[in-house]
Amino acid sequence: MSVNANSMKAIRKELKEFYPNLKFSVRKVDFCCVHVDMLEGNINFLQHLTEKGKRYYTDDTRGYFSVNEFYINDHFEGEALDLFKKILETIYKHVGRHYNSNADLHAADYPAWNYHICIAVGQYDKPYILKAS
């Protein structure tokens, strides 16, 4: 499994089947990064923040924010948390796990990364469009 056009197409198709009311952008960048952006939909992500998540995301007025995959359980709840977990599960299914915890280099984590994941609500030049349910 690898980050390629076919895996991006499979991820996009599966996410669209699970979330038909959301518009996604799924793409690979430099053969080592999987980008998944929510462009529009009926989920108000700011209403699904935990108390900790409110410290990080509520003062962004651009309609765009990056989601830290390692803190989704701490920052989100409800359907936003379920969505982000499903995105990660789908990426792992089609591209494989992106971190090898059994790497030979004991002092360096960096060589163990197979690829990177970038999840965002909106894009830096296109804000997320919230549609009525």
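The side chains of D37 and Q123 are joined by a polar contact of 2.9 Å, a polar contact being a pair of N or O atoms within 3.5 Å of which, within protein, one must be able to donate a hydrogen and the other to accept it, while residues adjacent in sequence count only if both atoms are side-chain atoms. This is a predicted model, in which local features need pLDDT of at least 70 and side-chain atom pairs count only at pLDDT 80 or more, whereas totals for chains, interfaces and linings use all residues. Residues are numbered from 1 along each chain as its sequence is written, and side-chain values use heavy atoms, with hydrogens and water left out.

D37 is placed in strand β2, residues 33-41, where helices (H or I, at least four residues) and strands (E, at least two) are DSSP runs numbered from the N terminus. With a relative accessible area of 4%, D37 is buried; the term buried stands for under 20% relative accessible area, exposed for over 50% and partly exposed for what lies in between, using a 1.4 Å probe and protein chains only. Once neighbours within four places in sequence are set aside, D37 is in contact with K23, F24, S25, R27, A120, G122 and Q123, contact meaning heavy atoms within 4.5 Å.

Strand β2 also holds V34, which is buried with a relative accessible area of 0%. Not counting residues up to four places away in sequence, V34 touches V3, M8, I11, R27, I91, Y115, H116, I117 and C118.

Just after α4, G96 takes a positive phi of about 95°.

Helix α1 (residues 5-18) packs against α4 (residues 78-95) at an angle of about 145°, with the axes 9 Å apart; the axes are lines fitted to C-alpha atoms, for helices over the stretch in contact, and angles run from 0 to 180 degrees between N-to-C directions. In this contact S7, M8, A10, I11, E14, L15 and F18 of α1 meet K86, I87, T90, I91, K93, H94 and V95 of α4.

Within α1, E14 is buried, with a relative accessible area of 11%. Its side chain forms a polar contact of 2.8 Å with that of H94, and E14 touches K86, T90, K93 and H94 when residues up to four places away in sequence are not counted. K93, by contrast, is exposed, with a relative accessible area of 52%, and its C-alpha atom lies 9.4 Å from that of S7, although K93 and S7 are 86 residues apart in sequence.

Taken as a whole, the protein chain has 4 helices and 5 strands, which follow the pattern α-β-β-α-β-α-α-β-β along the sequence. Of its 133 residues, 43% count as buried.
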